[in-house]
Amino acid sequence: MRVASPFFTFDQLHNFPVLTPPARLAVIGDPIAHSKSPQMHNPALMARGIEAQYVRVQVPVGHVREAFRLFADQGFLGVNITIPHKFEALDAVDVVDPLAARLGAVNTLAIREGRLYGYNTDGPGFLRSVREAFGTEVRDLRVLILGAGGGAGRAVAVQCVLAGCRHLLLANRTESKLAALLDELRSLTTEAVALETCSLDHGQLAARLVGVDLVVNATSVGMKDGDAPLLPAGALEDRHLVYDMVYRASGPTELIRQAAGVGARHADGMCLLLHQGAISFEHWFGGEAPLEAMRTGLMTTLAALA
Ligand SMILES: NC(=O)c1ccc[n+]([C@@H]2O[C@H](COP(=O)([O-])OP(=O)(O)OC[C@H]3O[C@@H](n4cnc5c(N)ncnc54)[C@H](OP(=O)(O)O)[C@@H]3O)[C@@H](O)[C@H]2O)c1
């Protein structure tokens, strides 16, 4: 019987217990107890008939390089990396995939013959999930990113430009963070891209939404009950596509509620979690990930928590 979601500390990595099936994949973060990644990767391993299991390991800041070496020594095949380690991981691998270098963060480690390969699946996962949720490509949309100055927002902005998006509007609470991002985005393409910024002021956002197709929330607003709405009431229309990177087991965010209220199509952070996880699985094992097994595992977990 496979344990649903075993949890280990960094100290246990030095002398990792023998599990059945053996632990060969992990997610690291600090904290990490909340992670739902095992509940999608363990069903995927079972669906593929791979005798291995995926565990959670809490790794403190400053210990990512050491943790990677310990994972390699214990025969692990791969690791997912989440907050706050995605930047530390970039410097802790032997080979950085070019996209991960562009996105400035590593969220997936593959260990092959003792060498550490770092990837970023958040950006490609975003593109896949937009395709699945809305049946369209990011390059055909005018995109507003709320929270473009944060790690996730920056990655989405870079991925949008790399994917051929030609209209990008960036908003961030701390507007000064957007200047460096604008320079970086301009350096990514020789095509003409309309790159603009705006504040999170409700009046400004309401006016700018007229020229937007896809709204992406990459801020952490919405994670807590009672967070103030990001968009003013009545600003969304049914033609908008709304993508909230936040996911909560306790029910939809205010932004998703606003979208549903006007009949706008919407997707939440569960889509990103699923698709970035599927791409990680493909880096580890090749072929197509068993997406439906992963989706069922996640949905079952979230339903049980609701
Ligand atoms: N679904 C997934 O798989 C997935 C993957 C990655 C991230 N996420 C979610 O994306 C969100 C951002 O993550 P991150 O890693 O980018 O975090 P981060 O680097 O800490 O960035 C946080 C962002 O939120 C903004 N923000 C925080 N509080 C705010 C407030 N009260 N009003 C307006 N803006 C506010 C910050 O603005 P300032 O720059 O002004 O501080 C910044 O833009 C989180 O909710 C995270 O859970 C989901």
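Guide: A crossing is left-handed if the near helix is turned anticlockwise from the far one by less than a right angle, and right-handed if clockwise; in this structure, H1 passes H10 in a right-handed crossing. The structure is a predicted model, in which local features need pLDDT of at least 70 and side-chain atom pairs count only at pLDDT 80 or more, while totals for chains, interfaces and linings use all residues. Residues are numbered from 1 along each chain as its sequence is written.

Visitor: Why is H1 called oblique to H10?

Guide: The axes of helix H1 (residues 37-48) and helix H10 (residues 269-285) cross at roughly 45 degrees and come within 11 Å. That angle makes H1 oblique to H10, because angles under 35 degrees count as roughly parallel, over 145 as roughly antiparallel, 65 to 115 as roughly perpendicular and the rest as oblique. The axes themselves are lines fitted to C-alpha atoms, for helices over the stretch in contact, with angles from 0 to 180 degrees between N-to-C directions, and the helices (H or I, at least four residues) and strands (E, at least two) are DSSP runs, numbered from the N terminus.

Visitor: Which residues make the contact of H1 with H10?

Guide: On the H1 side they are Ser37, Met40, His41, Ala44 and Arg48, and on the H10 side Leu274, Gly277, Phe281 and Phe285, where contact is a matter of C-beta atoms, placed from the backbone, lying within 7 Å. By class, this contact has five nonpolar, three polar and one charged residues, if Ala, Val, Leu, Ile, Met, Phe, Trp, Tyr, Cys and Pro count as nonpolar, Asp, Glu, Lys and Arg as charged, and the others, Gly among them, as polar.

Visitor: What makes H5 and H10 oblique to each other?

Guide: The axes of helix H5 (residues 122-134) and H10 cross at roughly 120 degrees and come within 8 Å, and H5 and H10 are therefore oblique to each other. H5 passes H10 in a right-handed crossing. In H5, Asp122, Pro124, Gly125, Phe126, Arg128, Ser129, Glu132 and Ala133 meet Cys271, Leu272, His275, Gln276 and Ile279 of H10, a contact of six nonpolar, four polar and three charged residues.

Visitor: How do you know which strands are at the edges of the sheet of seven strands?

Guide: This is an open sheet of mixed pairing in the order E1-E3-E2-E4-E6-E7-E5. Strand E1 (7-9) and strand E5 (95-96) each have a single partner strand, so one side of each is left without a neighbour in the sheet, and two strands pair if DSSP finds at least two bridges between them. Two bridges join E5 to E7, which run parallel, and valine 95 has tyrosine 117 of E7 as its bridge partner.

Visitor: What makes E6 and E7 a pair?

Guide: Strand E6 (residues 108-112) and strand E7 (residues 115-119) run antiparallel and are joined by five bridges. Leucine 109 stands opposite glycine 118, while arginine 112 has arginine 115 of E7 as its partner. The hairpin has two residues between the strands, and there glutamate 113 takes a positive phi near 50 degrees. H10 lies across E2, E4, E6 and E7, at about 10 degrees to E6.

Visitor: What is the order of the sheet of six strands?

Guide: The order of this open sheet is E10-E9-E8-E11-E12-E13, with parallel pairing. Strand E10 (194-198) and strand E13 (265-267) are its edge strands, each pairing on one side only. Neighbouring strands of this sheet are turned by 15 degrees against each other on average, direction ignored. Strand E8 (residues 142-146) and strand E11 (residues 214-217) pair over four bridges in the parallel sense, with leucine 144 partnered by valine 215 in E11.

Visitor: Which element gives the most to the shell around the ligand?

Guide: H10 does, with four residues. Of the 25 residues around the ligand, those that come nearest are Gly150, Ala152, Arg173, Thr174 and Gly269, and helix H6 (151-162) and H10 are the elements that give two or more residues to the shell. A residue counts as near the molecule if its C-beta atom, placed from the backbone, lies within 6 Å of it, and the shell divides into 11 nonpolar, 11 polar and three charged residues.

How values were computed:
Contact = placed C-beta atoms within 7 Å.
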